[in-house]
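Have the sequence and the 3D view open as you read.

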Amino acid sequence: MEALALLLAATLNAGTVLAIAALGLLINERAGILNLGAEGMMLVAAIAGFATAVHTGSDVLAFGAGALAGALLAAAFGALVIWLNTNQYATGLALSLFGAGFSAFVGIRYTQEKLPERARFEIPGLADIPFVGPAFFKQHPMVYLAIALAIGLAWFLYRSRAGLVLRAVGESPESAHALGYPVRRIRLAAVMAGGALCGVAGAYVSVIYTPLWVEGMIAGKGWIALALTTFATWRPARVLLGAYLFGGVTMLQFHLQGEGVEVASQLLTMLPYLATVLVLVLISRNPTWIRANMPASLGKPFFPGS
């Protein structure tokens, strides 16, 4: 039971990274913008957050630096695809490649740096409950903020006027423009908000999840977060569920190794990515279902004058 509690706790921790990044990408895609640069934004935010934590010792400032780095890169991406009408797919891939190279260059001097011992968090009273306490109530506050973010985003999209406008821009930007809404500015705001959340996720990886800096340490989490938005059919609650599912698969490899299961470590390391491919294959078998849930203008350029 103790091992299971630890596995559940690790699942929540690992899933939080994916949940925050995927929720950010969901905001982008609900506005009709597909950003394939999540991996690059998370890498730049990871080194920005880690460097800030090294120099200031403040996790709050580290998360702020990560969010700012992600938002700035997303703003550059948004300016290119929204105002200059560059191809969203090519620009996103370029952003991902730029982020990987830039973070590796900037992070050279931080490779040997170490953060001080991280503070332990627990909810008084609840953390002492057998099994449930260690599994759910000894988590970093960002874990609970990710859950609150999913709930808040669901309310925003389906219960607020601003959320309705955002969804309208993603479904039919021409109609929203005809009604007088500034489609391009709304899309840019959505892209920057999504980039900031990807930045927070990247900073969480380098400051909390694995408190160190290693080149390429995001290790495909940005691509998994992209797949999660499709898996969740662009709904926040399903994003959260999918994130913890993939987080559980990620942590399962370490649990199996700890239990002495005689399986090649390389095969266990492949599990999260194999699960991602499998889910995408299963989803792709029903393209009608995908089209019914996908924002109608996703990935399509918008020309206000046409």
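What follows is a short tour of ring contacts in this model.

Keep in mind that the model is predicted. How many aromatic pairs does the count come to? It comes to three, and two of them are described here.

Start with Phe-98 and Phe-102. Their ring centres lie 5.4 Å apart, and the angle between their planes is 15°. Stacked rings need planes under 30 degrees apart, so this pair is stacked. Both residues belong to helix α4 (residues 88-106). Because they are four residues apart there, about one helical turn separates them.

Now go to Phe-231 and Phe-246. This pair is edge-to-face, with 6.1 Å from centre to centre and 80° between the planes. It links distant parts of the chain: Phe-231 is in helix α10 (residues 221-231), while Phe-246 is in helix α11 (residues 236-258), 15 residues apart. Phe-231 counts as partly exposed, whereas Phe-246 counts as buried. The cut-off for buried is under 20% relative accessible area, so Phe-246, at 2%, falls on the buried side.

| Residue | Relative accessible area | Class |
|---|---|---|
| Phe-231 | 24% | partly exposed |
| Phe-246 | 2% | buried |

One more ring contact involves a charge. Which ring does the charged end of Arg-109 sit over? That ring belongs to Tyr-110, and the charged end is 4.7 Å from its centre.

Key: Residues numbered from 1 in each chain as written. Predicted model: local features only at pLDDT ≥ 70, side-chain atom pairs only at ≥ 80, totals over all residues. Heavy atoms only, no water. Phe/Tyr/Trp six-rings, centres within 6.5 Å; stacked < 30°, edge-to-face > 60°. Helix = DSSP H or I, 4+ residues; strand = E, 2+ residues; numbered from the N terminus. Buried < 20%, exposed > 50% of the residue type's maximum accessible area, 1.4 Å probe, protein only. Lys NZ or Arg CZ within 6 Å of the ring centre and 35° of its normal.
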